[in-house]
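Please open the model in your viewer and keep the selection panel at hand. The tour below goes from one selection to the next and says what is to be found at each stop.

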Amino acid sequence: MSYKPKEVIIAGHKFTIVYKTMKDYGELDSDDKKIYISNKIKGEMLLDTIIHEGFHAMLAVSGLGYILEDVQGELEEALVRAYENILTPFIKQQYREFYKK
């Protein structure tokens, strides 16, 4: 399997995925609707990173990202990491169970 999407649609907004050399795994540019992903990662780590950045994009599109930024800059990343570490594994497991049948 060669998972390497070029774009994702979040709440009707198209975000282009750009693979490049970078220090972090991923980064969102909500103004330009681009998700930058390290070209060194692949497989499930790539999927997890796209989901992580997608959650940032969802917060930006919904307007919640601006509120979180005004309240405390680190709060958005804390929420995204909570989602990433708690809900994402649950959802992935449910998909695995569902598609076993």
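Begin by selecting leucine 68, which touches Leu59, Gly73, Leu75, Glu76 and Leu79, residues up to four places away in sequence being left out of the count; contact here means heavy atoms within 4.5 Å. This is a predicted model, in which local features need pLDDT of at least 70 and side-chain atom pairs count only at pLDDT 80 or more, while totals for chains, interfaces and linings use all residues. Residues are numbered from 1 along each chain as its sequence is written, and side-chain values use heavy atoms, with hydrogens and water left out.

Leucine 68 lies in helix H2; helices (H or I, at least four residues) and strands (E, at least two) are DSSP runs, numbered from the N terminus. At 11% relative accessibility, leucine 68 counts as buried, where buried means under 20% relative accessible area, exposed over 50% and partly exposed in between, computed with a 1.4 Å probe on protein chains only. If you draw a distance between the C-alpha atoms of leucine 68 and leucine 79, which are 11 residues apart along the chain, the separation is 9.6 Å.

**Helix H2 against helix H3**

Two packed helices are described by the angle between their axes and the distance between the axes. Select helix H2 (residues 64-71) together with H3: the two pack at an angle of about 125°, and their axes are 5 Å apart. That angle makes H2 oblique to H3; angles under 35 degrees count as roughly parallel, over 145 as roughly antiparallel, 65 to 115 as roughly perpendicular and the rest as oblique. The axes themselves are lines fitted to C-alpha atoms, for helices over the stretch in contact, and the angles run from 0 to 180 degrees between N-to-C directions.

Now show the side chains where the two helices meet: Gly65, Leu68, Glu69 and Val71 belong to H2, and Gly73, Leu75, Glu76 and Leu79 to H3. Coloured by class, the contact of H2 with H3 has 4 nonpolar, 2 polar and 2 charged residues, where Ala, Val, Leu, Ile, Met, Phe, Trp, Tyr, Cys and Pro count as nonpolar, Asp, Glu, Lys and Arg as charged, and the others, Gly among them, as polar.

**Helix H1 against helix H3**

Next, select helix H1 (residues 43-62) with helix H3 (residues 73-100), whose axes come within 10 Å and cross at roughly 130°. H1 is therefore oblique to H3 as well. On the H1 side the contact is made by Glu44, Leu47, Asp48, Ile51, His52, Phe55, His56 and Leu59, and on the H3 side by Glu76, Glu77, Leu79, Val80, Arg81, Tyr83, Glu84, Thr88 and Lys92. The residues in this contact of H1 with H3 divide into 7 nonpolar, 3 polar and 7 charged.

Stay in H1 and centre on histidine 56, which has its place in that helix and counts as buried at 9% relative accessibility. Histidine 56 touches Leu28, Glu76, Glu77 and Val80, again without residues up to four places away in sequence.

From there move to tyrosine 83 in helix H3, which is partly exposed, with a relative accessible area of 22%. Tyrosine 83 touches Ile51, Phe55, Thr88 and Ile91, not counting residues up to four places away in sequence. Tyrosine 83 and histidine 52 are 31 residues apart in sequence, yet their C-alpha atoms are 8.2 Å apart in space.

**The nonpolar core**

Which residues form the largest nonpolar core? Select Val8, Ile10, Phe15, Ile17, Tyr19, Ile35, Ile37, Ile41, Leu46, Ile50 and Ala57, the 11 residues of this core; a nonpolar core is a set of buried Ala, Val, Leu, Ile, Met, Phe, Trp, Tyr and Cys residues joined through side-chain atoms within 4.5 Å. Strand S1 (7-10), strand S2 (13-20), strand S4 (34-38) and H1 are the elements that give two or more residues to it. Within the selection, alanine 57 touches Ile10, Phe15 and Leu28, residues up to four places away in sequence not being counted.

**Two loop residues**

Finally, turn to alanine 11, in the loop between S1 and S2, whose phi is near 50°, a positive value in a residue other than glycine. Alanine 11 is exposed, with a relative accessible area of 65%. Lysine 33, in the loop between strand S3 (26-29) and S4, has a positive phi of about 55° although it is not a glycine, and it is partly exposed, with a relative accessible area of 29%.
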